[in-house]
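Have the model open while you read.

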There are 2 protein chains.
Amino acid sequence: MTLWPAAQPGDMMDRIDTPALILDLDIFERNLQRLADAVKGRNVRLRPHAKSHKCPEIALRQIALGAVGICCQKVSEAAPFVDAGITDILITNQIVGTQKIDRLMHLASAAKIGVLVDHIRQVDDMAAAATHSGIRLDVYIEVDVGAGRSGVPPGRDAVALAALIASRPPLRFAGLHCYQGSAQHMRSSQERRQAIANAAAMAQATKDEIEAAGIKVEIITGAGTGTLVHERDSGVYNELQPGSYVFMDRDYADNRRGDGDIAFEHALFVKTTVMSRPAPGRAVVDAGLKASSVDSGMPVIWGRSDVRYLKASDEHGVLATDDAMSPALGDQLMLVPGHCDPTVNLYDQLVCVRAGVVEALWPIAARGAVL
Amino acid sequence: MTLWPAAQPGDMMDRIDTPALILDLDIFERNLQRLADAVKGRNVRLRPHAKSHKCPEIALRQIALGAVGICCQKVSEAAPFVDAGITDILITNQIVGTQKIDRLMHLASAAKIGVLVDHIRQVDDMAAAATHSGIRLDVYIEVDVGAGRSGVPPGRDAVALAALIASRPPLRFAGLHCYQGSAQHMRSSQERRQAIANAAAMAQATKDEIEAAGIKVEIITGAGTGTLVHERDSGVYNELQPGSYVFMDRDYADNRRGDGDIAFEHALFVKTTVMSRPAPGRAVVDAGLKASSVDSGMPVIWGRSDVRYLKASDEHGVLATDDAMSPALGDQLMLVPGHCDPTVNLYDQLVCVRAGVVEALWPIAARGAVL
């Protein structure tokens, strides 16, 4: 009596048990193609972020459409992708701790792995481990281009770090990681454009300082679903890392689209059932915060302006309904999650649907891979 | 290269890879004992809620200390506990949908199962399935005693539902489910006491109406970690369902303790490492919102009043530090999660520690069991 999946291939939509994480394959494939088209003929490559989907089936499709590889956010997150035959992974994070570095070296014996640094001690530790293991690693300097999280300040502070990396033979200085995370959900297009103009200027200035010291900066990598057209058009970034574009979510949809922004569509849903109808204006569904992550706010109910998702507890969602009868007890609704990445991380499988029929179950192989 | 655990039994604390979910066994055992002591000699039984821990190892210890069984919140959540030999489970939820009811009947063939109803259609569906399967089910009426979520209103509305249940032979009317969820985190003891006094009055009135119709109300079940002493002392409730008391979390610790409240202690931590130290007042740790659920607010840093956890992204936590040097890059910290239940649901294992040494890894067998 181990846990069972929500559906089997061939099931009709209404047979899928709830809550279930649904991927609409037609929409998903359009999102993949739109991004591929958006960089065609431009001097910029794609390295989509796999932290959003944690699913090798999706990564393989991204690579088939031209991505050079993927990003991961954790060492352990990369492991199932290496198992699936993906050979080029940038872990967009500092790797600190003996256990983690040992695992990293093991991965790097099977695939080309890149990592970030923002401190000399990380360089020293990485060089020592790589020397010991006979491994070559790509190392990127993380530059804080406005997010206020990790990273060295822009400009000449990065020069000494680049020189240190370049002086350690098992390490290869690969470039700068310049992700402006806090720009992704600025609601107006003009704000996002300006934030990335600022980030690109900081990235360029840092590159100039390092190259003035005689060290080539090959790659400037960054960008997310909210801003990627601006990095693409910056003339500075030459690698883009969007993740959420494959799915979209409520938080990204709340951005106001500007000229040139790509029309990604919602492909990810949480299917849910009304399990209680206790009052005329209230319905309760079986998808709570363990079914749709609320860190970026509540989900919305797809295609139903008469129903609002008010609050979530562990396994309950309380809806306000305009109509006293609809949705009725037993009705099924589709939620658009507030934030796709942590929602996907709650499930073991994507239930992949095309034209109302379950086509496949894709394992979310890196679910829970926080190490 | 499948995913690996954060530690192995015998490892010292500082060898545990991060982020990791740590259970301090000495403290955990004290929490278990304190609850058992708190009901000793009283006319009330314990049925702890397993949605908090999802871990058969913990449920078996709760039962060994006198619990009559456990609660689960989902049908699928109950399955690993049935596998572990637990024979008495109340699923504190309405079960709606053919697939879910089929699974429920399968579980009920192996264990004594109870469910909630708040609508005649649920009774009809459950009775039909139970008749078809030759199963007997315990059915409780959920009464809304102040939480404003699911449940029938208190008083005579429940009488017809009780009569309907009693008229269906495969169903046994077992009692009333009267959980006041919105009282659990009222900050003052007086507010919590008053909310449960109100809830108990509504539960009693409902019981009186049903018994006046000649139907015995055997059990009134409810209570959570924040209020359980009031339900215990109410003279109305005779079964308590607390879940979080085994672990505690920041949100429960923010309640101001009143006279008679039980001194449960933090037993659950997320161990994390400082992976970036980009500015004198800022440190970044490797535990973000995929390592410690933020639905009830940010975690706090255990034993460190000089460091505050400001914000979480997927795999980063940004800390404000009073000291420019401490914590240093590579230092390890212990977080107390904002909300224990969804945090536990992020991990596959509890790393159980005693006196600084890993004693066991306990599978979180029902992790992700949302169906």
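## Ground rules

This is a predicted model, so to speak of a local feature takes pLDDT of at least 70, side-chain atom pairs count only at pLDDT 80 or more, and totals for chains, interfaces and linings use all residues. Residues are numbered from 1 along each chain as its sequence is written, while chains are lettered from A and ligands numbered from 1 in the order in which they are written.

## How the two chains relate

Turn chain B by 180°, shift it 0.0 Å along the axis, and it lands on chain A with an RMSD of 0.0 Å. That is the relation of a two-fold axis. Which residue of chain B comes closest to the rotation axis? Asp295(B) does, with its C-alpha at 2.9 Å.

## The interface

Chain B puts 57 residues into the contact, and chain A puts in 57 residues too; two residues touch here if their C-beta atoms, placed from the backbone, lie within 7 Å. On the chain B side, the elements giving two or more residues are α3 (75-83), β4 (88-94), α4 (98-108), β10 (268-279) and α10 (340-344). Helices (H or I, at least four residues) and strands (E, at least two) are DSSP runs, numbered from the N terminus. The largest share, five residues, comes from β10(B).

By type, that side of chain B splits into 22 nonpolar, 19 polar and 16 charged residues. For the record, Ala, Val, Leu, Ile, Met, Phe, Trp, Tyr, Cys and Pro count as nonpolar, Asp, Glu, Lys and Arg as charged, and the others, Gly among them, as polar. Since 100% of the interface residues of chain B are also interface residues in chain A, the copies meet through the same surface.

## A parallel sheet in chain B

Chain B has an open sheet of eight strands in the order β2-β9-β8-β7-β6-β5-β4-β3, with parallel pairing. Strands pair if DSSP finds at least two bridges between them. At the edges sit β2 (45-46) and β3 (70-72) of chain B, each pairing on one side only. Elsewhere in the order, three bridges join β7 (171-177) to β8 (219-222) of chain B, and Leu176(B) stands opposite Ile220(B) in β8(B).

## The buried side of a helix

Two cis peptide bonds deserve a look. One joins Thr18(A) and Pro19(A), with omega about -10°, and Pro19(A) lies in the segment before β1 (20-24) of chain A. Another joins Ser326(A) and Pro327(A), with omega about 0°; Pro327(A) is in the loop between β14 (317-321) and β15 (332-336) of chain A.

Met248(A), not a glycine, has a positive phi of about 65° in the loop between β9 (239-240) and α9 (250-253) of chain A. Is Met248(A) buried or exposed? Met248(A) counts as buried, with 21 C-beta neighbours inside 10 Å. Ala355(A) has a positive phi of about 50°, but with 9 such neighbours Ala355(A) counts as exposed.

Methods:
Copies are superposed by least squares on the C-alpha atoms of residues with pLDDT of at least 70 in both. A residue is buried if 20 or more other C-beta atoms lie within 10 Å of its own, exposed if 12 or fewer, and partly exposed in between; C-beta atoms are placed from the backbone.
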